[in-house]
Amino acid sequence: MSPELINLLVQATLDTLTMVALSAIIGTLLGLPLGVFLATSQRGELLAAPALNAALGVIVNATRSTPFIILVVAIIPFTRLVAGTSIGTYAASVPLTVAAAPYIARLVESAIREVDQGLVEAARAFGASPSQIIRKVLIPEALPAIVMGLTLAVVSLIGYSAMAGAVGGGGLGDLGIRYGYQRFRPEMMLAVVVVLIVLVQVFQTAGERLARGLNRRHRRS
Amino acid sequence: MSHLPPSRNPADRPLIRFENVSKTYPARKGAAQVAALSGIDLAVPAGTILGVIGRSGAGKSTLIRLINGLERPSAGRVVVGDAEVSSLPERELRNVRAQVGMIFQHFNLLSSRNVADNVALPLELAGWKRAAIRARVAELLALVGLEAQAGRYPAELSGGQKQRVGIARALATEPDVLLSDEATSALDPETTRSILALLKRINRDLGLTIVLITHEMSVIRAVADEVAVIDHGAIVERGSVYDVFTRPQAEVTRSLLAGEVGLDLPAGLAERISSDPRSGGVPVLRLSLRGPQADTPILARLARETGIEAAILAGAVDEIGGRRFGSLAVGLSPGPDVTARTQAYLAALDIPADILGYLPPAQDIVPDSNTEIEPAVAREAARVA
């Protein structure tokens, strides 16, 4: 491959990483509290608010059931409002975040629901308030599972970012389609796929290592 | 809530009071309404250890959770110290809970925190300063003998060590009351003994009032001063451990006690015994001996003074809280009115003798001499002689 193409590949990789990082971080900032709320607000739970829980559940499900490629197009007005444009890496991060937040919320919710209810009862017995239970019991105890969930989310976002790229976001997906497919450069297509595989491997391994390091539930020798 | 001075005087105002408490769980989809507790009246004097025993599903867990407000009664009042727990809003309940420690069957330690940080949790919740927490945690770990384990995680501890962490955590905020929810049910017998000894020591040294629930009479016997027997959501028997063990009144108490104080007959004997007083049948009586009676040669005196001989078929002579007791199942030698005469003789000595049933007459229960000594023993005796 010519140096020019290698430059393109490097730039596209950076664009992809930017989109994934932005949407993962903002998606977590939105999805984590949302997930915690979903996991603790059903009837009889810590923050019991069944109506709001049900309403948020419907919104989360609606967002998650919309195919991503349609979501990107459907929220273009919103993307313009937030990013000022609907084209480019930053603009593509908007629909990615909108897709990531509810996904992360569900992953966080299921991680928190796995926490032993006995621990919640113990914390209540020691006089903990609901917010203390969330901060000192639920999140720390669910952290290994939350990290695994976020790893899964990041890997999914890498795939989604390729789709966002195809509709004007740039990045590896865009490069693969334009050079690899439309200009018949199989070596470029191959390079894009290899870079994507490497990215996924790196994030998956790092996430698993981190989760294992945080997990104190197993006796270590 | 103030710290009440430790006291063993039951005349003191009780630290925990249940007044006509009922708890009903409302009907849910596919399940009818459940009455967990009904008409509970209970007073626990400061400084005592009350054991609450019952079969699973009897309402023990609900009862103990009413004390720290984890459950609310459907009717009646629960008072701890000066606080009416049953009517306090959740926010104020949290202050009361800092004065009521709790330990659990499955320990409920945070897996993400090491031993020291688990013990520190109630102190963090109560807003203690970091340095004060560190000092208090060191003190507590010394109390339960886990100084060396401070940095380890629960997954690296044995069951007994985990429960010690649980106890240290429960005592962190210097509570007046400790609630023990089947704290030894997941532990082996030896570890159970050491945990119960620790609870007893804490009760003695810190004047802590302890309410423990269990389904094992041996636990009650090892630590409790007082016992309440609960069945189908109601307290069916209540008294000192010694009284309830030696003179159980309720049927459920007897069945929970079976095997613990020699109350149950060996299987072979129980099979042959019948309630039919056939002529010539051997009457079998249960003698309940208390205090000095347990050390009296009661059967020898019975034989000497009434001519009625009695063979010991089953039984136990032991002590509870340092007081002697005995429970003997005896078969009486044949003769006119032996049962009535024996009961009259024992009644005069204040020894209850209940008829358990009759053994078939063919069974030579009361031999005329010592011919029933086992051959091996007899041979051995002869050899030594």
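## Helix 6 of chain A

Helix 6 of chain A, residues 117–125, is mostly covered, with 7 of its 9 residues buried. Buried here means under 20% relative accessible area, with exposed over 50% and partly exposed in between, using a 1.4 Å probe and protein chains only. Helices are DSSP runs of H or I with at least four residues, strands are runs of E with at least two, and both are numbered from the N terminus. This is a predicted model, in which local features need pLDDT of at least 70 and side-chain atom pairs count only at pLDDT 80 or more, while totals for chains, interfaces and linings use all residues. Residues are numbered from 1 along each chain as its sequence is written, chains are lettered from A and ligands numbered from 1 in the order in which they are written, and side-chain values use heavy atoms, leaving out hydrogens and water.

The buried set in helix 6 of chain A is A:Gly118, A:Leu119, A:Val120, A:Glu121, A:Ala122, A:Ala123 and A:Ala125. What sits over them? The cover includes helix 7 (130–169) of chain A, plus helix 1 (60–67), helix 2 (90–97), strand 6 (100–104), helix 3 (115–125) and helix 5 (159–171) of chain B. At the start of helix 6, a side-chain oxygen of A:Asp116 comes to within 2.8 Å of the backbone nitrogen of A:Gly118. After the helix comes A:Gly127, with a positive phi near 90°.

## Where chain A meets chain B

On the chain A side, 23 residues are in contact with 27 residues of chain B, contact being heavy atoms within 4.5 Å. The size of an interface is often given as the accessible area lost when the parts come together. Chains A and B bury about 2,300 Å² between them, 55% of it on carbon and sulfur atoms; that is the accessible area (1.4 Å probe) the two parts lose on being put together, summed over both.

There are 3 salt bridges between the chains, each a side-chain nitrogen of Lys or Arg within 4 Å of a carboxyl oxygen of Asp or Glu. B:Glu124 and A:Lys136 pair up in a salt bridge at 2.7 Å, N to O. On chain A, helix 6 and helix 7 are the elements that give two or more residues to the side touching chain B, and helix 6 gives the most, with 7. By class, that side has 9 nonpolar, 5 polar and 9 charged residues. Ala, Val, Leu, Ile, Met, Phe, Trp, Tyr, Cys and Pro count as nonpolar, Asp, Glu, Lys and Arg as charged, and the others, Gly among them, as polar.

## Two domains in chain B

Chain B is split into domain 1 (14–26 + 33–258) and domain 2 (267–359), with bounds from an automatic or database domain assignment. Their C-alpha centres lie 39 Å apart. Between them, 7 residues of domain 1 are in contact with 11 of domain 2, and the two domains bury about 920 Å², 50% of it on carbon and sulfur atoms. B:Arg221, B:Tyr242 and B:Arg247 supply 72% of the area that domain 1 buries against domain 2, more than any other three residues.

The count between these domains is 2 salt bridges. B:Arg221 also meets B:Asp318 through their side chains in a salt bridge (2.8 Å, N to O). Helix 8 (residues 241–246) of chain B gives the most to the side of domain 1 that touches domain 2, with 5 residues.

Note on methods:
A polar contact is a pair of N or O atoms within 3.5 Å; within protein, one must be able to donate a hydrogen and the other to accept it, and residues adjacent in sequence count only if both atoms are side-chain atoms.
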